[in-house]
Amino acid sequence: MNWKRPASFPVGQVWTRFQGREKDGKPARMYQIRDMDERWRKQCLDMMQKTFIDDEPLCQILEIEKDPASIQTIRSNWEVIADQGLCIACFTEELGQPKDLVGFNILLVKSRDDAEENLDAIKGEQWKKLLRTLTVAEQLVDVFDLYKVDQILTSSGLTVLPGHRGQNIGARIIAAREQICKTFNIYGVATVFTAITSQVLAAKCGYRTLAELNYEDMKPYGIDLTGCTTKSAKLMGIKHTF
């Protein structure tokens, strides 16, 4: 990951504010989506480690939470990604200020000339299987060539706390990527979506399916995903023309 956030755009940007919906007779809350800065790094990554890994279909079927080596490797990977300075978090808002963390999205920029990761050297057998699945899906289409770009914005996970689901937060987080791309002159966006809900949200945000990996096709790699709550992963993307 060669890309680094330019010093001229310090971390701290609020990308969007919005009002949620009334729920269980309670008035609609205000939310804000903003950069994750160092104040919230541990809290955000802790939430990902708990909520995302509990919810994500491949993590579930591979029982990632039972593999300490995989958890350690994932956490270390997220820390490296966070150093790029593009991760965004959603908070409830009070008097214009962030209050309670309710959602988080690990974002990163990949460049055409990034070195390929040596999957065989990865620690954590279950994480290795998951990462290989994502890699196979990503390699179905050369997004750099398709969009004629040298950089793309992508994601390594998005989660919203259960108590705040139904507020359209996931879609708002995905939509915030457009403003991020415009700010940093990134024209291609592509992510492998593994959950039906995230695939639907991405489509509503204008992403189109570039390729689809049926999990049955991972058996030749020694990866059996039988019983996964989703049958396929979708590589979905969008090309911006600012």
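Biologist: In strand 8, which residue is the bridge partner of V189?

Modeller: I238 is the bridge partner of V189. This is a predicted model: local features need pLDDT of at least 70, side-chain atom pairs count only at pLDDT 80 or more, and totals for chains, interfaces and linings use all residues. Residues are numbered from 1 along each chain as its sequence is written, and side-chain values use heavy atoms, leaving out hydrogens and water.

Biologist: How many bridges join strand 6 to strand 8?

Modeller: First, the general idea. Strands of a sheet pair through backbone hydrogen bonds, either parallel or antiparallel. Two strands count as paired if DSSP finds at least two bridges between them. Strands (E, at least two residues) and helices (H or I, at least four) are DSSP runs, numbered from the N terminus. Here, strand 6 (residues 188-193) and strand 8 (residues 232-239) are joined by six bridges and run antiparallel.

Biologist: In what order do the strands form the sheet?

Modeller: The order is 1-2-3-4-5-6-8-7. Eight strands make an open sheet with mixed pairing. Strand 1 (14-19) and strand 7 (208-214) are the edges, each pairing on one side only. From one strand to the next, the twist averages 25°. Angles run from 0 to 180 degrees between N-to-C directions, with axes fitted to C-alpha atoms, for helices over the stretch in contact.

Biologist: Which strands does helix 1 touch?

Modeller: Contact means heavy atoms within 4.5 Å. Helix 1 (residues 41-55) packs on the sheet and touches strand 3 (88-94), strand 4 (97-111) and strand 5 (151-160). Its direction makes about 75° with that of strand 5.

Biologist: Which loop holds E63, and what is its phi?

Modeller: E63 sits in the loop between helix 2 (57-61) and helix 3 (68-82). Its phi is positive, about 50°, although E63 is not a glycine.

Biologist: Is N185 buried or exposed?

Modeller: Read relative accessible area: buried is under 20%, exposed over 50%, partly exposed in between (1.4 Å probe, protein chains only). N185 counts as exposed because its relative accessibility is 51%. N185 lies in the loop between helix 6 (169-184) and strand 6. Its phi is also positive, near 55°. E63, at 39%, is partly exposed.

Biologist: Which residues does K23 touch?

Modeller: K23 touches P162, G163, R165 and Q167, leaving aside residues up to four places away in sequence. K23 belongs to the loop between strand 1 and strand 2 (30-35). At 32% relative accessibility, K23 is partly exposed. K23 and I173 are 150 residues apart along the chain, and their C-alpha atoms are separated by 20 Å.
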